[in-house]
Amino acid sequence: MRTQDLATAMAPQAHPRQLARAREAVLAGQRPPTMPRPVIAKSWQRVREQGVDPDCGSANHPVPAGEVHQRRLRCGLSGEALQELRGGLVPAAERAGHIVVIVDADGRVLWREGHLRAMRNADQLGFIEGASWRETEVGTNAIGTALVEEAPVQVHSCEHYVRSHHPWTCAAAPLHDPRDGRLLGAVDVSGPADTVHPSTLALVHAVAGLAKARLWEQHRAHLDRLRAVGTPMLAKLNGQALVIDHTGWVAASTGLPPIDRVALPADLDQPRIWLPAFGTCLVEPLPGGMLLRLCGDVPTTSTRVVLDLRRPGRPTLTVHRESASWTHRLSRRHADILRTLAENPAGCTAADLAGHLFQDRSRTITVRAEMSRLRKKFGDLLDHRPYRFLTGLEVNVLRPQQ
């Protein structure tokens, strides 16, 4: 995230009374005297449409301790990554009178540590392990809003939609799986509103980045172990084959040019799968991954592409061919790019896409990097110069119902 983007996500220096007047005007359906930040205005609109009570929020029933334990095991945060989050934030939070909270992708509080007084205040608010801190339950807040936006955000005092949260300030950053970009959850620092500091969000964002780096190190170690298992097998095979992990990262290959990753369908529990880059492949399970043996029969029949945006935060791309269908989950940015290409069949330049995505036509380097990643995954669907879906494809976009 650029410094400019991070700055816009930080809590403003506006007086709490100005924020309070802006909130009351929005709740009354009036134009506020001082406009809230765009990220806050968007969140307020979402939670109003969801019917969240602006005084006390919606019913929020914590899950039992047993489910919290199971969610900790499933969330993808463990070992050195979790230690990085705790070690990088808890000491500073305790000195500032704050708490550190880690949630999963559903917004459920899995871990909570920090200053004892802040912990007691959080208890009174229901900010406890097992509670849901999504926008649908507690309105605009750093955790829930960061999960929706998938970007760091700081929310201060009356920027919170629910009145009972106004004594708080909080800063949260999302946590993504570096292997596939999947949202794992978020990390948050919260405390009394009069202790707000602009550097808090930068610290949370930086520590989240270090945790992501630890996850990447774990991933590389896993690929090394998988390579040790798969390389002797590949040496005995004729033809083209790959050893990959369950997210498509390549540990070893034979008969193929170097490739980092292949895009996999959602359903891998079958002996044959079809991949856009390789056609039909035979699948053989391995410890921690699988062996793909290429059959070489790449389909040439008509293709229908469906970009499904109906579930916020869970966009997918499905390719239907006469011989097979294939679904891949997308990151929010990749979904935005593909939606823009679908809406502009004549094609877009890098500057056009930068304008659509960032309202800044100069950010072409970021666009080209993302398009390079997309074309590695979906090389038989996308063209360049200009960027567009290939001519002849039937492309459909399924949008959320209004």
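Predicted model: local features only at pLDDT ≥ 70, side-chain atom pairs only at ≥ 80, totals over all residues.
Local features were considered at pLDDT of at least 70 and side-chain atom pairs only at pLDDT 80 or more, whereas totals for chains, interfaces and linings use all residues. Residues are numbered from 1 along each chain as its sequence is written, and side-chain values use heavy atoms, with hydrogens and water left out.

An open sheet of five strands has the order β7-β6-β10-β9-β8, with antiparallel pairing; strands are DSSP runs of E of at least two residues, and helices are runs of H or I of at least four, both numbered from the N terminus. Two strands are taken to pair if DSSP finds at least two bridges between them. The edges are formed by β7 (250-254) and β8 (272-275), each of which pairs on one side only. From one strand to the next, the twist averages 30 degrees. Strand β8 is joined to β9 (residues 279-286) by four bridges in an antiparallel arrangement, and W274 has T280 in β9 as its bridge partner. Helix α9 (residues 199-235) packs on this sheet, touching β6 (241-244), β7, β9 and β10 (289-294), where contact means heavy atoms within 4.5 Å. The direction of α9 makes about 15 degrees with that of β7; axes are lines fitted to C-alpha atoms, for helices over the stretch in contact, and angles run from 0 to 180 degrees between N-to-C directions.

Strand β3 (residues 153-156) is likewise antiparallel to its partner, β4 (residues 168-176), with four bridges between them. The bridge partner of V153 in β4 is A172. V153 and V155 point one way from β3, Q154 and H156 point the other way, and all are buried (under 20% relative accessible area; exposed is over 50% and partly exposed in between, with a 1.4 Å probe and protein chains only).

The axes of helices α11 (residues 350-358) and α12 (residues 364-377) come within 8 Å and cross at roughly 100 degrees. Helix α11 is therefore roughly perpendicular to α12 (65 to 115 degrees; under 35 is roughly parallel, over 145 roughly antiparallel and the rest oblique). In this contact, A350, A351, L353, A354, L357 and F358 of α11 meet T364, T366, V367, R368 and M371 of α12.

No disulfide, defined as a pair of cysteine sulfur atoms within 2.5 Å, is found in the whole structure. For C56, the nearest cysteine sulfur, that of C158, lies 17 Å away; C56 counts as exposed because its relative accessibility is 56%. C281 is buried, with a relative accessible area of 0%, and its sulfur is 6.5 Å from the closest cysteine sulfur, in C295, too far for a bond.
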